[in-house]
Amino acid sequence: MNIVEIIFSPTGGTEKVAHMLGSYWRENTVKIDLSDAKTDFSQCVINEEDQVLIAMPSFGGRAPAVAIERLRQITGNGAKCALVCVYGNRAYEDTLVEMEDAAKESGFRVVAAVAAVAEHSIMPQYAANRPDTADKNQLEQFAGQIAGKEDVAVSIPGNRPYKTAGGAGLVPKACKGCTKCGLCAKNCPVQAIDPVKFTADSKRCISCMRCVKQCPEKARKVNGAMVSIAALAIKKACSVRKENELFL
């Protein structure tokens, strides 16, 4: 048996949470990176006996459309899976049910789901330094409960139809410090960055902030005024520490 981590984690927070859960089994771990635009996901075939974690961030209460599209291309073969939704302490809303629907379409048996908190990818003052030690202990406990779960259906919160998805909104731009190394264009999950001019196509950009996170010169930024407005809009919702949730 393998532990298969199917992950969309542009800035690393979702992957960190998934690893905290997956490490419990201590089996051979296989990673499928849904953020790799060059992978042919239709060639990814899971064995029925594998234990699968499917992990994605919540973008405005929805799963990233590109991650859902790529998940649907994978063949699940009836393997049991746990869904992991990671959000920045505001709300995950319909993310888990959207992931559940896509996982079932791909042939997975959904037996558990986790909503976990990690540092906000655009406004890091919210859920700063999470997942922390308390989160790690709780997630490892969750992993044990998931491992012992019988193969029965799980009730997952959310709405169908899903809430309306928002647009990209915050599109990072190169600033004066850009050395044109090309890392941002190479690693963009949706190939939205021109590999010569290093400008982002606002219609393709999903505001995942990978290019900002990975730039070695810290030379990609989003509009500071717009970030301040967005931060103020969600301040009340993010003011109280939210805890991770497990659905069995």
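Welcome to a structure that holds two cavities of 30 Å³ or more. A cavity is a set of points, on a 1 Å grid over the protein atoms alone, where a 1.4 Å probe fits but cannot get out. This is a predicted model, in which local features need pLDDT of at least 70, side-chain atom pairs count only at pLDDT 80 or more, and totals for chains, interfaces and linings use all residues. Residues are numbered from 1 along each chain as its sequence is written, and side-chain values use heavy atoms, with hydrogens and water left out.

**The cavities**

- The largest cavity has a volume of about 130 Å³, where a volume is the space filled by probe spheres set on the grid points, joined across faces, edges and corners.
- Its lining (residues with an atom within 4 Å of a point) has 16 residues, and Cys188, Ile193, Cys205, Cys208 and Cys211 lie nearest the centre.
- The second largest cavity holds about 90 Å³ of space.
- Among its 13 lining residues, Cys178, Lys180, Cys181, Cys184 and Cys215 lie nearest the centre.

**The nonpolar cores**

- A nonpolar core is a set of buried Ala, Val, Leu, Ile, Met, Phe, Trp, Tyr and Cys residues joined through side-chain atoms within 4.5 Å, and buried means under 20% relative accessible area (1.4 Å probe, protein chains only).
- The largest one has 46 residues, with Ile6, Ile54 and Phe108 among those with the most contacts inside it.
- Leaving aside neighbours within four places in sequence, Phe108 is in contact (heavy atoms within 4.5 Å) with residues including Ile6, Ile54 and Ala103.
- A second, separate core of 21 residues includes Val111 and Phe142.

Definitions and conventions:
Buried means under 20% relative accessible area, exposed over 50%, partly exposed in between (1.4 Å probe, protein chains only). On a 1 Å grid over the protein atoms alone, a cavity is a set of points where a 1.4 Å probe fits but cannot get out, and a pocket is an open set with protein on both sides within 12 Å along at least five of seven lines; lining residues have an atom within 4 Å of a point.
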